[in-house]
Amino acid sequence: MKSAQEIFDLLKTKFGDSIIELVSTQPTEPFIIINPTEIDKVCFFLRDDEELLFDNLMNLSGVDDANGKNISDGDGATKIEGGTLSVYYHIESTKLRHKLVLKVSTQREKPDVASVEQIWRHADWHEREAFDLLGINFLNHPDLRRILMPYDWEFGYPLRKDYSNPEFYQGMKVPF
Amino acid sequence: MIIDTENNVKAQNGLRTEHMVLNMGPQHPSTHGVLRLELELEGEIIKKVIPHIGYLHRCFEKHAEAMSYPQVVPYVDRMDYLAAMYNEFGYAVAVERLLGIQVPERVDYIRVIMGELQRIASHLVAIGTYGMDIGAFTPFLYCFRDREKILSLFEMTCGARLLYNYIWPGGLSHDIHPDFIRSTKEFVKYFRPNIKELNDLLTNNKIFIDRTANIGILPVETAINYGITGPNLRASGLKWDLRKDDTYSIYNKFDFDIPVGQGLQGTVGDCWDRYYIRVLEMEESLKIIEQAIDQIPEGDVTSAIPKRIKPPVGQIYSRVENPRGELGYFIMSNGSVNPFRVKARGPSFVHLGIMDELCKGHMVADIIAILGSIDIVLGEVDR
């Protein structure tokens with residue numbers, strides 16, 4: 001069992017600037033913010049180090065932080081410019097029984113995050129889902145296709161906060 | 001036959017042959033919903049399985065962002081519609097943890113009883129339809145006969161048989177019916193011998209064992225790496241149950257065992273093990289129900305429901321042991337009455353991802369056995 005603070009100190013000495021911050025202000029679980037393109041190296045270490053052994057990825061979820069600038073386009077719809085998209089990783093060790101939360105934030109205009117699919121195969125479909133619904137681009141993912149939306153969906157990413165429905169899809173009127 | 005590349009097979013006479021691509025679904029009776037499996041076959045041997053999902057996609061997560069916290073409850077019902085009670089349970093626990101509130105003891109007891117009844121009902125569907133997929137029609141009728149009794153208990157409690165909207169953040173929509181305790185005791189007494197009957201009918205049936213033993217073997221390291229949880233992980237031999245290992249509600253007050261797969265008919269982690277774990281778990285659930293129903297205290301079940309749910313800024317990942325595995329909710333709050341982000345990590349979604357790994361090298365007919373044994377509900381896969 002290691003606490004988030006101990007793991008943070010361990011990662012900080014090993015990876016230096018890639019480990020950005022430990023946030024423990026919120027009431028529930030503290031999380032560690034990591035550089036989005038270095039997350040795979042950090043995760044390899046977290047899984048394979050004998051004191052950590054994080055063998056199980058519980059959940060991976062993308063979030064639209066909606067912290068950019070709201071720009072109204074005239075007909076009531078707003079677009080968000082700038083700001084970040086984030087990915088949260090909830091990992092645990094089934095052997096040592098400790099848990100950890102990691103977070104990466106990436107630019108909305110160029111949302112690149114290193115894939116952890118090589119480390120936990122579980123991440124495969126979750127990353128595809130985050131790509132599908134939020135448009136986060138996972139680098140080195142072997143099969144980054146849409147998963148829940150139709151393959152020919154070209155009207156953006158539904159879970160983004162500035163998403164609006166298309167008027168027609170395949171000749172069918174969408175807002176009813 | 002010589003295989004020279006990924007896709008091309010050279011027959012003995014020098015002719016070039018190709019792998020055949022076959023679509024199973026979306027309208028196939030044993031896919032348990034709308035699922036399309038794209039199979040790549042070499043004769044009858046499976047080389048690759050690509051699941052195509054999303055036919056039932058409603059984007060529950062986007063809906064949830066426009067709702068207040070209690071309004072999300074009917075939506076979570078509709079994810080895993082065979083275990084709606086447990087979806088509500090998990091969601092209520094997550095929101096309560098985010099708010100930091102404690103519910104009255106009576107609420108916890110009723111939740112556990114409902115949850116375990118739901119687990120039995122869900123396992124009965126899994127077992128019954130599994131038998132039917134493989135060709136044994138009779139057990140299906142026996143299972144549904146018993147499940148009907150559980151649904152009647154739910155109907156008596158909240159008026160609905162499938163989608164309940166009963167467990168709310170902070171409490172329950174209303175108290176149990178005065179007859180509920182007596183009827184549940186009767187059900188437990190009635191149901192216990194039926195498990196033995198089921199074992200005689202299906203579990204120890206020679207044809208059934210031949211179809212399921214040594215098929216789709218899942219080693220425990222692979223299972224963890226793929227995020228497999230619940231009965232499927234326990235069938236691979238790891239004693240891992242969130243009711244004990246990451247306890248929530250009042251599960252630590254009850255005495256029950258966690259059955260693990262032992263490979264009684266074949267290898268540990270095969271289809272038969274995954275099936276049999278569910279049979280054993282029904283018995284453990286009966287134990288929990290018996291203990292809970294004897295100890296249930298008096299109290300008001302609606303007293304702790306907050307008038308207005310406005311959690312502090314922050315996020316939480318909270319998980320419970322759904323009949324199918326780990327059901328987690330990742331909820332983010334920005335301090336308003338609507339959740340900023342809700343993500344449901346459903347077990348079926350995760351379990352379907354392992355199909356390719358399990359099916360490789362088996363015959364086409366075994367896909368049915370493997371898909372039935374991992375027990376998915378497409379409503380939750382697609383959300």
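This is a predicted model: local features need pLDDT of at least 70, side-chain atom pairs count only at pLDDT 80 or more; totals for chains, interfaces and linings use all residues.
User: How far apart in space are A:Met172 and A:Leu53?
Analyst: In sequence, 119 residues separate A:Met172 from A:Leu53. In space, C-alpha to C-alpha, the distance between A:Met172 and A:Leu53 is 51 Å.

User: Where does A:Gln170 lie, and what is its phi?
Analyst: A:Gln170 sits in the loop between strand 10 (168–169) and strand 11 of chain A. This residue is exposed, with 7 other C-beta atoms within 10 Å. Although A:Gln170 is not a glycine, its phi is positive, at about 55°.

User: Moving to chain B, how is B:Cys59 classed: buried, partly exposed or exposed?
Analyst: B:Cys59 lies in the loop between strand 6 (45–52) and helix 1 of chain B. Its phi is positive, about 55°, although B:Cys59 is not a glycine. Buried would need 20 or more other C-beta atoms within 10 Å, and exposed 12 or fewer. B:Cys59 has 16 C-beta neighbours inside 10 Å, so it counts as partly exposed.

User: How many helices and strands does chain B have, and what is its radius of gyration?
Analyst: Chain B has 15 helices and 11 strands. The globule rule gives 21 Å for 383 residues, and chain B comes close to that, so it is as compact as a globular protein of that length. The radius of gyration of chain B is 22 Å.

User: What does the C-alpha trace of chain B span, and what share of its residues is buried?
Analyst: Along its principal axes, the C-alpha trace of chain B spans about 80 × 50 × 35 Å. Among contacts in chain B with a separation of 6 or more, 70% join residues 24 or more positions apart. Of the 383 residues in chain B, the buried share is 49%.

User: How are helix 3 and helix 4 of chain B oriented to each other?
Analyst: The axes of helix 3 and helix 4 (residues 105–134) of chain B come within 8 Å and cross at roughly 140°. Angles over 145 degrees would count as roughly antiparallel. Helix 3 of chain B passes helix 4 of chain B in a left-handed crossing. Given the angle, helix 3 and helix 4 of chain B are therefore oblique to each other.

User: Which residues of helix 4 of chain B make the contact with helix 3 of chain B?
Analyst: By class, this contact of helix 3 with helix 4 of chain B has 4 nonpolar, 2 polar and 1 charged residues. Helix 3 of chain B brings B:Met85, B:Tyr86 and B:Phe89. From helix 4 of chain B come B:Arg111, B:Met114, B:Gly115 and B:Gln118.

User: How are helix 4 and helix 5 of chain B oriented to each other?
Analyst: Helix 4 and helix 5 (residues 138–158) of chain B pack with their axes 8 Å apart, at an angle of about 160°. That makes helix 4 of chain B, relative to helix 5 of chain B, roughly antiparallel.

User: What is the class make-up of the contact of helix 4 with helix 5 of chain B?
Analyst: On the helix 4 side of chain B, the residues include B:Leu117, B:Ile120 and B:Met132. They meet residues of helix 5 of chain B, among them B:Pro139, B:Phe140 and B:Cys143. The residues of this contact between helix 4 and helix 5 of chain B divide into 14 nonpolar, 3 polar and 2 charged.

User: Leaving aside neighbours within four places in sequence, which residues are in contact with B:Met132?
Analyst: B:Met132 is placed in helix 4 of chain B. With 18 C-beta neighbours inside 10 Å, B:Met132 counts as partly exposed. Leaving aside neighbours within four places in sequence, its contacts are B:Phe137 and B:Phe140.

User: Which strand supplies the largest share of the side of chain B that touches chain A?
Analyst: In all, 31 residues of chain B are in contact with 24 residues of chain A. Elements of chain B that each supply at least two residues to that side include helix 1 (60–65), helix 3 (84–99) and strand 10 (325–333). The largest share of the side of chain B that touches chain A is 5 residues, and it comes from strand 9 of chain B.

Terms used
Residues are numbered from 1 along each chain as its sequence is written. Chains are lettered from A and ligands numbered from 1 in the order in which they are written. Two residues are in contact if their C-beta atoms, placed from the backbone, lie within 7 Å. Helices (H or I, at least four residues) and strands (E, at least two) are DSSP runs, numbered from the N terminus. Axes are lines fitted to C-alpha atoms, for helices over the stretch in contact, and angles run from 0 to 180 degrees between N-to-C directions. Angles under 35 degrees count as roughly parallel, over 145 as roughly antiparallel, 65 to 115 as roughly perpendicular and the rest as oblique. A crossing is left-handed if the near helix is turned anticlockwise from the far one by less than a right angle, and right-handed if clockwise. Ala, Val, Leu, Ile, Met, Phe, Trp, Tyr, Cys and Pro count as nonpolar, Asp, Glu, Lys and Arg as charged, and the others, Gly among them, as polar. The radius of gyration is taken over C-alpha atoms; the globule rule is 2.2 Å times the number of residues to the power 0.38.
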